[in-house]
Amino acid sequence: MFDKVLIANRGEIALRILRACKELGIATVAVHSTADADAMHVKLADESVCIGPPSPRDSYLNIPSLIAACEITGADAVHPGYGFLSENARFAEVLEQHKIGFIGPKSQHIRTMGDKIEAKKTAVRLGIPVVPGSDGGITEDAEAKRVAAEIGFPVIIKAAAGGGGRGMKVARTEDDLSYALAAARTEAKAAFGDDAVYIEKYLEKPRHIEIQVLGDGKGGAIHLAERDCSLQRRHQKVWEEGPSPALNAEQREKIGGVVARAMSELGYLGAGTIEFLYENGEFYFIEMNTRIQVEHPVTEMITGIDLVNEQIKVAAGSPLSVSQSDIKVSGHAIECRVNAEHPATFRPSPGMVTYFHPPGGLGVRVDSAVYQGYRIPPHYDSLVAKLIVHGRTRNECLMRLRRALDEFVVDGIETTLPLFRTLVRNQDIQNGLYDIHWLEKFLRDGGMGEPA
Ligand code: ADP
């Protein structure tokens with residue numbers, strides 16, 4: 001097992017990793033930018049190192065600074081969290097060259113899955129169903145037209161290097177196609193420095209359903225059921241729940257089995273998520289995330305398995321502490337991503353949190369690095385807290401979420417709490433009847449008063 005883990009991240013996920021390390025008896029090192037000197041992860045870690053100025057490029061993404069921090073503190077492994085360097089294959093390789101453990105997958109799997117075209121090819125090879133589309137990248141308009149004619153309009157053009165919902169353009173007719181292709185390439189080049197794009201059938205009313213996996217890197221792999229992340233704004237998840245209101249136990253076992261077998265064949269190491277769109281009873285692979293995800297607590301609440309603890313163990317070469325037959329889905333969990341944003345316009349609202357009172361009680365979990373008097377810096381993402389609620393049934397979970405949201409007080413900044421208080425009372429949400437477009441339409445129709 002590792003003796004000392006350096007956490008190459010900030011915010012709530014840095015705290016989450018810190019907690020797992022402490023429970024395993026592992027010493028912790030926090031790193032921080034100059035803007036984060038007062039951050040909670042710095043206060044709670046055994047040691048801390050300042051790795052640079054506020055800009056992520058100069059601090060949390062700065063590989064030489066992180067390696068130096070490991071060497072100064074004698075950390076024998078790094079946990080990258082999510083975002084930042086978590087899906088950077090080169091970072092994993094550099095750590096390996098320095099004989100420092102990386103708490104994540106093998107670098108070749110990060111690289112393959114980070115390129116969505118390669119990821120899709122790999123999924124096909126492993127027997128995972130994919131969205132119909134081009135076999136590889138598309139460069140010529142004529143080729144785009146040929147593929148679109150074959151799969152039928154509407155189609156979506158996506159960036160091979162895509163992430164965070166950027167670099168996607170929908171074309172409804174052949175006339176839209178050249179423009180969509182050019183726009184997607186320009187956006188992809190600007191956002192990711194890589195203009196490779198591919199084409200897929202655009203699904204009109206799918207749900208976003210993803211399967212959590214864990215692998216030991218030696219062919220042992222299990223699935224931990226699904227999360228439904230259909231409630232999105234600008235392709236970004238807002239509310240996640242598990243199990244999905246759209247699946248029954250048989251469907252869950254079937255897709256879970258396909259995914260676990262694929263991960264076993266791949267020899268996948270650590271935690272990962274296989275993301276699907278789900279429409280008319282069919283699953284279509286869209287991508288794999290080779291890291292712990294923001295919404296992982298949903299799975300932890302319904303399975304009782306500490307995913308970060310398992311990540312650390314397998315990275316250290318230990319076996320998984322659970323087998324497929326140990327995984328039982330119990331009850332229902334919902335996560336709300338409370339952001340420092342205006343609840344209707346989503347304008348960022350950084351600043352001083354003058355009062356912070358998180359909810360509590362049975363089945364209520366708040367993952368947050370915010371405290372009263374903390375100033376949210378403007379340089380990073382706007383996540384203030386994740387509120388995760390568990391109940392024995394979906395109805396119990398919804399009622400508990402309603403009361404937890406009403407208890408939650410964050411003053412001094414705008415947050416998206418009012419949005420969730422509205423959503424939890426909405427009939428469609430209560431009935432579990434929503435797809436990936438539901439939330440955008442709700443907001444467009446003035447569901448939060450002033451249209452966003
Ligand atoms: P990113 O890596 O940028 O998050 P994804 O491939 O995971 O991109 O897609 C993000 C979201 O975009 C999906 O959850 C879904 O809402 C939408 N999307 C992606 N592919 C399609 C598609 N073929 N049809 C309809 N919507 C799609």
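Q: Where is the place of alanine 119 in this predicted model?
A: Alanine 119 sits in helix 6, which covers residues 116-125.

Q: Why is alanine 119 called buried?
A: Alanine 119 has a relative accessible area of 1%. Buried means under 20%, so alanine 119 is classed as buried, with its 1%.

Q: Which residues does alanine 119 touch, not counting those up to four places away in sequence?
A: Thr112, Met113 and Phe285. Contact means heavy atoms within 4.5 Å.

Q: What separates the C-alpha atoms of alanine 119 and histidine 109?
A: The two C-alpha atoms are 9.2 Å apart, and the residues are 10 apart along the chain.

Q: Which atoms of glycine 164 and glycine 163 lie by an oxygen atom of the ligand?
A: A backbone N or O atom in each case: the distance is 3.2 Å for glycine 164 and 3.5 Å for glycine 163.

Q: How many residues surround the ligand, and which are the closest?
A: 21 residues surround the ligand, and the closest are Lys158, Gly165, His208, Gln232 and Glu287.

Q: How do the residues of that shell divide?
A: They divide into 7 nonpolar, 7 polar and 7 charged.

Definitions and conventions: Residues numbered from 1 in each chain as written. Predicted model: local features only at pLDDT ≥ 70, side-chain atom pairs only at ≥ 80, totals over all residues. Heavy atoms only, no water. Near = heavy atom within 4 Å. Polar contact = N/O pair within 3.5 Å; in protein donor to acceptor, adjacent residues only side chain to side chain. Nonpolar A, V, L, I, M, F, W, Y, C, P; charged D, E, K, R; others polar. Helix = DSSP H or I, 4+ residues; strand = E, 2+ residues; numbered from the N terminus. Buried < 20%, exposed > 50% of the residue type's maximum accessible area, 1.4 Å probe, protein only.
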